[in-house]
Amino acid sequence: MSEGGVSWRPGGLPQIENSKTAPDGFEVLEFSGRGPLAALSCSMFQPSELTKPSDWRKIVSDLEAWGEVPEPDSIVQVSSLDDDRGPVANLTSETEWVAEFLPWGSDGLLRKRVNSYPGFCDLPCGGYSWNGADMISIRKKIAQKGDSRELLLDALEKGAMRDAEEILRECGRKLGSVHRHVEGIRVTPPDPNRWNSRVSELEKSLNAHSIWRAPYSRDSECMLYIGDVRLDDFSAESVRIGRPRLSDALQPPDCGFPAIRDLASLIHDLSRLQHVSGTDVDIVGLRLSLIEGWRETAPSKWASDNVFYSHRGGLAIWEYEQCLLDVI
């Protein structure tokens with residue numbers, strides 16, 4: 001269908017036959033594990049064909065549009081590729097658009113984020129759904145600028161630790177500012193039973209030998225979380241709110257989450273970057289800069305010592321969850 005590979009599919013699970021219904025222009029992909037992976041399965045939607053404008057018109061014909069989207073008949077050119085989150089289409093009309101497909105849908109909070117997150121966030125301007133499920137998010141194409149991951153890698157390669165720490169501190173500040181903005185929008189009590197059950201299911205699916213549960217702090221309120229947060233989502237101008245990761249297809253979120261989970265996701269991405277870069281820099285100092293930046297701007301209750309305390313379900317257990325999601 002596209003120029004790239006299909007890295008967004010679960011390569012460790014065999015594809016099986018299915019009889020599920022798909023909207024016009026789509027096909028259903030069904031995957032199911034065997035042997036030690038028998039507990040893992042998922043369904044996905046992918047465009048049947050997307051190389052010309054008529055393909056795009058067919059794809060959106062059965063879908064319900066929301067927000068700002070291009071008129072189907074205005075599209076004069078289409079090109080597509082795949083990344084690790086699913087197919088991406090570049091659409092040309094009088095405006096340049098980017099259509100990001102959501103093969104396994106979303107957590108149902110996409111439009112809530114679009115309507116509630118602060119203006120400095122890079123968010124979709126619209127999208128398409130089918131039977132209430134998100135299928136495509138739409139953005140207006142903008143010039144790509146250097147992101148924090150690129151800047152951080154450059155600083156680490158040069159041994160510029162102060163620059164690296166300031167880059168991470170600013171990422172933390174921006175993430176905390178998002179959390180402060182949504183503090184008054186949607187807050188519900190902590191959900192330790194579901195959080196522990198989720199970790200238990202992850203361990204069970206992976207036949208993990210580790211077992212880690214926590215009571216969690218009462219300050220760990222559920223909020224309008226981002227979910228998967230990466231360093232390349234941050235730039236000098238904005239925080240990009242991206243698509244769900246593949247693990248959300250295999251272990252769909254079924255509960256709310258606290259703000260510290262977003263921070264744990266970002267800190268875990270820092271660990272990934274250090275591993276990939278092969279540098280021997282002090283990861284403790286880098287982590288501390290990111291944490292301190294976040295605590296400068298995040299709501300004080302959500303960033304309290306009680307929330308960070310590991311024996312009360314602090315940062316460590318949310319990093320543990322991120323590790324399990326990586327393994328899946």
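A residue is called buried here when its relative accessible area is under 20%, exposed when it is over 50%, and partly exposed in between (1.4 Å probe, protein chains only). By that criterion, buried residues make up 52% of the 328 residues in the chain. The model is a predicted one, in which local features need pLDDT of at least 70 and side-chain atom pairs count only at pLDDT 80 or more, while totals for chains, interfaces and linings use all residues. Residues are numbered from 1 along each chain as its sequence is written, and side-chain values use heavy atoms, with hydrogens and water left out.

Taken as a whole, the chain folds into 10 helices and 13 strands, where helices (H or I, at least four residues) and strands (E, at least two) are DSSP runs numbered from the N terminus. Its radius of gyration is 20 Å, close to the 20 Å given by the globule rule for 328 residues, so the chain is as compact as a globular protein of that length. For this comparison the radius is taken over C-alpha atoms, and the rule is 2.2 Å times the number of residues to the power 0.38. The C-alpha trace spans about 55 × 45 × 40 Å along its principal axes. With contact meaning heavy atoms within 4.5 Å, 71% of the contacts between residues at least 6 apart in sequence join residues at least 24 apart. The chain exposes about 15100 Å², of which carbon and sulfur atoms supply 47%; these areas come from the Shrake-Rupley method with a 1.4 Å probe, and for residues only the protein chains shown count as cover.

Turning to the strands, an open sheet of 6 strands runs in the order β4-β9-β10-β7-β6-β5, with antiparallel pairing; two strands pair if DSSP finds at least two bridges between them. At its edges lie β4 (64-67) and β5 (77-83), each of which pairs on one side only. On average, neighbouring strands of the sheet are turned by 20 degrees against each other, direction ignored. Within the sheet, β7 (residues 96-101) and β10 (residues 133-140) are joined in the antiparallel sense over 5 bridges, and A99 has I138 of β10 as its bridge partner.

Two helices can be checked against the expected span, which is 1.5 Å times one less than the number of residues. Helix α5 has 14 residues and reaches 20 Å from its first C-alpha to its last, close to the 20 Å expected.

The buried residues of α5 are W195, N196, R198, V199, L202, E203 and S205, and they pack against β11 (222-223), β13 (257-258), α7 (259-277) and α10 (315-327). S205 belongs to α5 (residues 192-205) and counts as buried because its relative accessibility is 5%. Leaving aside residues up to four places away in sequence, S205 touches P36, A39, L40 and Q251.

The loop between α5 and β11 holds N207 as well as Y216. Phi of N207, a residue other than glycine, is positive and near 55 degrees; that of Y216, also not a glycine, is positive and near 70 degrees. N207 is partly exposed, with a relative accessible area of 46%, whereas Y216 counts as buried at 3% relative accessibility.

Technical notes
Axes are lines fitted to C-alpha atoms, for helices over the stretch in contact, and angles run from 0 to 180 degrees between N-to-C directions.
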